[in-house]
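Hi there,

Here is the structure I promised to send over. Have a look through it first, and then read on for what turned up.

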Amino acid sequence: MIAAGLALAGPAVLVSSSFSSAAPAQTRVPVLSATIVARYPHDRTAFTEGLLWHDGALYESTGQERQSDVRRVSLKDGQILAKAQIDPAQFGEGLALWKDELVSLTWHDGIAHRWDLRTLKPKSQNRYTGEGWGLTSDGVSLLQSDGSPDIIFRDPVTLAERKRVAVTIDGRPLRDINELEYVDGALLANVWHTGFLVRIDPKIGKVTAVVDLRPLVAEVAATDPEAVLNGIAWDAKANRLFVTGKYWPTLFEIKVAATP
């Protein structure tokens, strides 16, 4: 069970300066390893920005101007079951589920798109200020990242800002938080251009553990410097955690456990 695995953090160990250019050069946090449970095909042309699991399927948002879309994807074979294009002038970003809608962000345009969950047809739009990066829901608010150390809590209907929580690691700000996933009261986040996830207490913003996924990055062996780890989906019913990356040919199901 992933929640238990995340909770059972082992002794704090040193995280190297490669963890994040915005993080302190040396910091001590619990570091968790991950075991690969299964591998699934993933569209290697998808610049993955958002990922989530719902009712037996993956939903994914992709980035890059003229290439951004929102899609429903088969886990088994990676086939795109349905797809909706985002305005070609816009760069698609994070994705979250709210009731019977998908909400997707754009990077610089300040526009959030709402899509019908069943048909993926566009329903409406919201405006917001600042950059859009990752997005998830805790069942009460939409939680957004924007490249800063802040997690922004937004009204799920209007996208009005409710509050901000600063993310810290050993009391220092942690920038470049990207894709988000809410898992049993904790927030999992990719840290851009690293092979790590962080587990965040969303109430206080404290990083409570790091998940080392560098072996997955090494297995994919991407040559594009932007083909980074990005994409987290949680199947709450089956306690399954999925991760992938931008332009990655593989989506991994992983189990997180404490390091020795």
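This is a predicted model: local features need pLDDT of at least 70, side-chain atom pairs count only at pLDDT 80 or more; totals for chains, interfaces and linings use all residues.

Arg-240 lies over the face of Trp-53, at 5.1 Å from the ring centre.

Residues are numbered from 1 along each chain as its sequence is written, and side-chain values use heavy atoms, with hydrogens and water left out.

Now to the aromatic rings. The structure holds seven aromatic pairs (rings of Phe, Tyr and Trp, the last by its six-membered ring, with centres within 6.5 Å; planes under 30 degrees apart are stacked, over 60 edge-to-face and the rest tilted). One of them is Phe-91 with Trp-107, an edge-to-face pair at 4.9 Å centre to centre, with 65° between the planes. Phe-91 lies in the loop between β6 (80–85) and β7 (92–98) and Trp-107 in the loop between β8 (101–106) and β9 (111–116), so their pairing ties together parts that are 16 residues apart in sequence. The strands here are DSSP runs (E, at least two residues), numbered from the N terminus.

Trp-248 is buried at 1% relative accessibility, and Phe-252 is buried at 0%. Ring pairs also link Phe-47, Phe-91, Trp-107 and Tyr-247 into a cluster.

Strand β12 (residues 142–145) is joined to β11 (residues 135–137) by three bridges and to β13 (residues 150–154) by four bridges. Both pairings are antiparallel, and two strands count as paired if DSSP finds at least two bridges between them. Thr-136 has Leu-143 as its bridge partner in β12, and Ser-145 stands opposite Ile-151 in β13. The β11–β12 hairpin has four residues between its strands, and Gly-139 takes a positive phi near 90° there. In the hairpin of β12 and β13, with four residues between the strands, Gly-147 takes a positive phi near 90°. Both faces of β12 are covered: Leu-142 and Gln-144 on one side, and Leu-143 and Ser-145 on the other, are all buried.

Ser-104, in strand β8, is buried at 0% relative accessibility. The Ser-104 side chain makes a polar contact with the side chain of Trp-115 (2.9 Å); such a contact is a pair of N or O atoms within 3.5 Å, where within protein one must be able to donate a hydrogen and the other to accept it, and residues adjacent in sequence count only if both atoms are side-chain atoms.

Happy reading, and do write back with any questions!

Definitions and conventions:
Buried means under 20% relative accessible area, exposed over 50%, partly exposed in between (1.4 Å probe, protein chains only). A charge sits over a ring if NZ of Lys or CZ of Arg is within 6 Å of the ring centre and within 35 degrees of the ring normal.
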